[in-house]
Amino acid sequence: MFARYAQEKSGQRLHLVEADSNTKIVSNKAICGRTCAKQGSWRMTINMPLANLCRNCIREMQFYKPIHIVEF
């Protein structure tokens, strides 16, 4: 599974969202379980500090799911 950092709206925490190998987001749900209000409304971000990561996504990434984070 590949994942991208994304957020639903400006000013919110970064979540890890499932993506395909071409970095297109394919899921409406973050790995922590949060869903978007609208289908396909995740924003991919580039210049955000990693201190804004969702703590639940970090926990899921470390302990439960083997994923590859796609960075550019």
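User: Let's start with a cysteine: is Cys 36 buried or exposed?

Analyst: Cys 36 counts as buried, because its relative accessibility is 7%, under the 20% cut-off. Keep in mind that this is a predicted model.

User: Thanks. How many disulfides does a search of the whole structure find?

Analyst: The search of the whole structure finds zero disulfides.

User: And which cysteine sulfur is closest to the sulfur of Cys 57?

Analyst: That would be the sulfur of Cys 32. The two sulfurs are 3.6 Å apart, which is too far for a bond, because a disulfide needs the sulfur atoms within 2.5 Å. As background, a disulfide is a covalent bond between the sulfur atoms of two cysteines.

User: Is Cys 57 buried or exposed?

Analyst: Cys 57 is buried, with a relative accessible area of 1%. Cys 57 is also one of the residues that touch the most other members of the largest nonpolar core.

User: Tell me about that core. How many residues are in it, and which ones touch the most other members?

Analyst: The largest nonpolar core has 13 residues, and those touching the most other members are Leu 16, Val 17, Ala 30, Trp 42 and Cys 57. S1 gives the most, with three residues. In general, nonpolar side chains in soluble globular proteins tend to be buried together.

User: Let me back up for the overall layout. What order do the elements run in?

Analyst: From the N terminus on, the order is β-β-β-β-α-β. So the protein chain has one helix and five strands. Buried residues make up 32% of its 72 residues.

User: What about the accessible surface of the chain?

Analyst: The accessible surface of the protein chain comes to about 4800 Å², and carbon and sulfur atoms account for 49% of that. On contacts, if you take those with a separation of 6 or more, 53% are between residues 24 or more positions apart.

User: Back to the strands. How do S1 and S2 pair?

Analyst: S1 and S2 pair in the antiparallel sense over five bridges. Phe 2 stands opposite Ala 19 in S2, and Tyr 5 stands opposite Leu 16.

User: Which other strand pairs with S1?

Analyst: S1 also pairs with S4, again in the antiparallel sense, over two bridges. Met 44 in S4 is the bridge partner of Ala 6.

User: And how many bridges join S2 to S3?

Analyst: Two bridges join S2 to S3, and the strands run antiparallel. Ala 19 stands opposite Ile 25 in S3, while Ala 19 also has Phe 2 opposite it.

User: Why would you call S1 and S2 largely enclosed?

Analyst: For S1, five of the six residues are buried, so the strand is largely enclosed by the rest of the structure.

User: Give me a S2 residue to look at. What does Val 17 contact beyond its sequence neighbours?

Analyst: Leaving aside neighbours within four places in sequence, Val 17 is in contact with Phe 2, Ala 3, Arg 4, Ala 6, Ile 25, Ser 27, Lys 29, Ala 30 and Trp 42.

User: And where is His 15?

Analyst: His 15 is in strand S2. At 5% relative accessibility, His 15 counts as buried. With neighbours within four places left aside, its contacts include Arg 4, Tyr 5, Arg 34, Trp 42, Cys 32, Cys 54 and Cys 57.

User: Last topic: where does Asn 22 sit?

Analyst: Asn 22 is in the loop between strand S2 (15-19) and strand S3 (25-30). At 64% relative accessibility, Asn 22 counts as exposed. The C-alpha atoms of Asn 22 and Phe 2 are separated by 9.4 Å, and the two residues are 20 apart along the chain.

How values were computed: Residues numbered from 1 in each chain as written. Predicted model: local features only at pLDDT ≥ 70, side-chain atom pairs only at ≥ 80, totals over all residues. Heavy atoms only, no water. Helix = DSSP H or I, 4+ residues; strand = E, 2+ residues; numbered from the N terminus. Buried < 20%, exposed > 50% of the residue type's maximum accessible area, 1.4 Å probe, protein only. Contact = heavy atoms within 4.5 Å. Areas by Shrake-Rupley, 256 points an atom, 1.4 Å probe, with all protein chains shown as cover. Core = buried A, V, L, I, M, F, W, Y, C linked by side-chain atoms within 4.5 Å. Pairing = 2+ DSSP bridges.
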